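Please keep the sequence and the structure open while reading.

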Amino acid sequence: MRSLRLFHFDPFFSTDRPSHATWSRHNRKLCFCEMSKRYLQASVLGLTFDCLGRFVLSHQWDAEEPKLVVCEAKLLPKKTSNVDTPHYSRRMSSSTVTMPANTIIKKTQGQEGEVVLVTFFTCPEVGLIVQDVQSLPENHHKLLGVCTPHYLLLSKPSSQLPKVGLVKRMAMRDFEGLESCDKATREAVLNFSYNMTTGNMDEAFRAIKTIRSEVVWESLAKMCVKTKRLDVASVCLGHMKHARGAMALRQAAHEPELEARVAMLAVHLGLMDEAERLYEQCGRYDHLNALYQAAGEWDKAMRVAEEHDRIHLRATCHNYASYLEGKGDTAGAARMYERADTHRSQVPRMLIDDPDALQTYVSKTKDVQLTKWWGQYMESTGRMDEAIECYEKAGDYFSLVRILCFQEDLTRAAQVASTTGDKAACYHLARRYESQGRIQEAVHFFTIAQAYGNAVRICKEHGLEEGLWNLALLAGPREQLEAAQYFEQSDHPLPEKSVLLYHRAGMLHKALDLAFRTQQYSALQLIALDLNSTSDPVLIAKCAKFFVDNKQFDKAVDLLAVGKQYEEALALCVEHDIPVTEDLAEKLTMVKGEGDEGLRVRVLESVAESALAQRNYHLATKKFTQAGNKVKAMKALLKSGDTEKIVFFANVSRQKEIYVMAANYLQSLDWKNNPDVLRNIVTFYSKGKAPELLANFYVACAQVEVDEYQNYEKALGALGEANRCLAKVTNPRDPMKHQKAEETLNSRMSLVKKFIDIRRLYDRGDHESSLTQSRQLLQSSDADLESAVRRGDVYALMVEHHVSAGELKAAQHLVEEFRKLSPGANVTYYIPPSTIDKIARGLGLPVSSLVPPLRDTGLDVRLKLSGAGDAEEVAEEEEEIVEDTRERIKNGRAYAV
């Protein structure tokens, strides 16, 4: 049974399981089965892509060769379908299988027509294998049969052709040139093609080993182009004795793309269409461009270069221009040379024998270089007027001035040179003036041309000192040196000019020596400004000594600092009390790692001490910080009184001592009315690990609440915080003092709490109990009462009660008792004046009898002084407190409670 195995690739099917169908001639049934992986690998290569997306119109078996079958296939209609599986019509013939629309695959570059002939070899192991795909002419009607080496086709009748001779033969691609070969050759070619298709190379070579015809070997080589077997192609070329093709094949071996190597083989075998397709397939448009140029298809070559091979566009245009030039098309060649940007040299070469055409081209293009070249050409022929016109159009003023000087028209040449300022033109004109002895004009145009060496030379030769001085100021170091030597050695020396020119020329030693010899002190100051750290130390010391001798100490210090002579600069600064500015301090600061680190630290601390002595506290802080001495930096910053920077510095320093210093300073401020300052004090004491000092601060807070606001509840809370701070001290150095401080603090808390309870009893209406406990409080804690609870507040509570009860006499006795216990105290500070007034009016007594006039008892003197002093005095006091506090912390004696 002979069967036809047709296949299709459905884009909606998995590529791992392609399907194929077997059509039986005898039972006229279409059977589906699964392809093997080997068939899939073979079918997705080479010509198989050319037959994808088609359906079979008819098929024919070869009349003599049993394993050869040919199908007539047509493109699927461009429609879409939602069907996911192949669907075949029930009314199908034995020669037509209709594929579904969803198997449409885009036409590849290898597809050349709507209907193609697909040649298959049948293999028992893998089924059908595509051997060749060949397009059919448009006037064909049907495939009638196959008889190797021909296809039998039926053509369509037309009005121009008679209805006879419609059956035609078309040679198979493998037998092109072998249509009349004998049977043995035909069988050998078929066996070679079959084994090549199946990959059996041993059998393929065995099938053709007896062939001697070069025509047959050429046909086999062309078959290798189709199968892309270059190893077989090299054997074929050897039997063909095609040396050029073999050499080209070896040279193409370095190409990375297989298609490019196969295309080179196709070119030497004359398969231009196949080579073009292969180059397009692998994207080697550079080779495709070269192929089109070699074939003379310049339109295609230009299109490929413009669209895909832009890097070779100019080369393509140049080659096309050479081709047009060879054909005699000078106009087209000129256009292509312009596109290639080679027209400036190629067009004059091309038109050199036709001067009129060349002049016309130059005048039309208006290219500057071409116009200049034409001017040179005119000058070489002696046509000076036309050359001058061309040079003017091209802007070549040097050539224009050169011709005018040649014609002795120096006036016009000077006008052109002055107007344009062209250096080359001015230089040429200056040389012409010099040769004629016109010195002033020569110097003028040498100056415009910036040829200062020539101008200086002329001035020296002719004694033009004023002009030499002006030129030297504009010239470079070499000319300035020559001018300085001239002024120094002339008959009438001009030392001030020599010193300045030596200085500008960079010869500082020479300038200083001359300045000292001629006593040019103003010039010395200018020279000193250009000295830096790279200058000669001897030179710097010499200039510094000059400034010291002339009482210009600040300049001497600055110069020594620039010269990195730090110790000498600092000694001079301290000796003569030179102000240490920010700029001078930076000059005196050594770069870290530049020299000895110990010297660097000593210099920084010396600079900081000088700034501190001059009350430049911020600069002193900066330099102490750079020296690594943050404690001294903090002391300097405290003297500045800049609270914001003090807080910032303490936060970034993160040292216990600095935290304590900052907190002590902040206590000198109005922390009672500034919550931020209060919070920073607590934070800094906490970070400084100084719970004793923090406890003292909380005690001070409690005293403020009592003295200023009579708020004993908050005072009790502050004392509780102080007690907790003292409890954090787990290992005091002096346990006895620490215990005494805790006992004192607990006693104060007890007294304050007792007074708070008395006030609460009075507020609840238990007046008798409150009065009794108040009297007990005054009697039992007479020694320690004033340190915790103000005696005046206790008496004020009792007086208020008696006044509200109408017992004015008892209230009077309490006021007098308080005055005896606290002589000189301000009674109205504790008892409201309205209460005093009510008692006096009720008893008929004058107010002065209850409240005598106050005398200045010296109370709060310290408070007034500390509030009125400046920030520096407070800082000095805080510094002493810090030193004392540091010592007390070490000895465990920081108990101010």
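The model is predicted.

**Helix pair α15 and α16**
- Helix α15 spans residues 368–380, and helix α16 spans residues 384–394.
- Their axes come within 8 Å and cross at roughly 160°.
- Angles over 145 degrees count as roughly antiparallel, so α15 runs roughly antiparallel to α16.
- The crossing of α15 and α16 is left-handed.
- On the α15 side, the contact uses V368, T371, K372, W374, G375, Q376, M378 and E379.
- On the α16 side, the partners are M384, E386, A387, C390, Y391, K393 and A394.
- By class, the contact residues of α15 and α16 are eight nonpolar, three polar and four charged.

- Helix α21 covers residues 452–462.
- Its buried residues are Y452, N454, A455, V456, I458 and C459.
- Just after α21, G463 takes a positive phi of about 65°.

**Cysteines**
- A disulfide is a covalent bond between the sulfur atoms of two cysteines.
- With a cut-off of 2.5 Å between cysteine sulfur atoms, the count comes to zero disulfides.
- C236 has 0% relative accessibility, so C236 counts as buried.
- C317 has 1% relative accessibility and therefore counts as buried.
- C459 in α21 is buried too.
- C390 is one of the α16 residues that meet α15.

Technical notes:
Residues are numbered from 1 along each chain as its sequence is written. This is a predicted model: local features need pLDDT of at least 70, side-chain atom pairs count only at pLDDT 80 or more; totals for chains, interfaces and linings use all residues. Side-chain values use heavy atoms; hydrogens and water are left out. Axes are lines fitted to C-alpha atoms, for helices over the stretch in contact, and angles run from 0 to 180 degrees between N-to-C directions. Helices (H or I, at least four residues) and strands (E, at least two) are DSSP runs, numbered from the N terminus. Angles under 35 degrees count as roughly parallel, over 145 as roughly antiparallel, 65 to 115 as roughly perpendicular and the rest as oblique. A crossing is left-handed if the near helix is turned anticlockwise from the far one by less than a right angle, and right-handed if clockwise. Contact means heavy atoms within 4.5 Å. Ala, Val, Leu, Ile, Met, Phe, Trp, Tyr, Cys and Pro count as nonpolar, Asp, Glu, Lys and Arg as charged, and the others, Gly among them, as polar. Buried means under 20% relative accessible area, exposed over 50%, partly exposed in between (1.4 Å probe, protein chains only).
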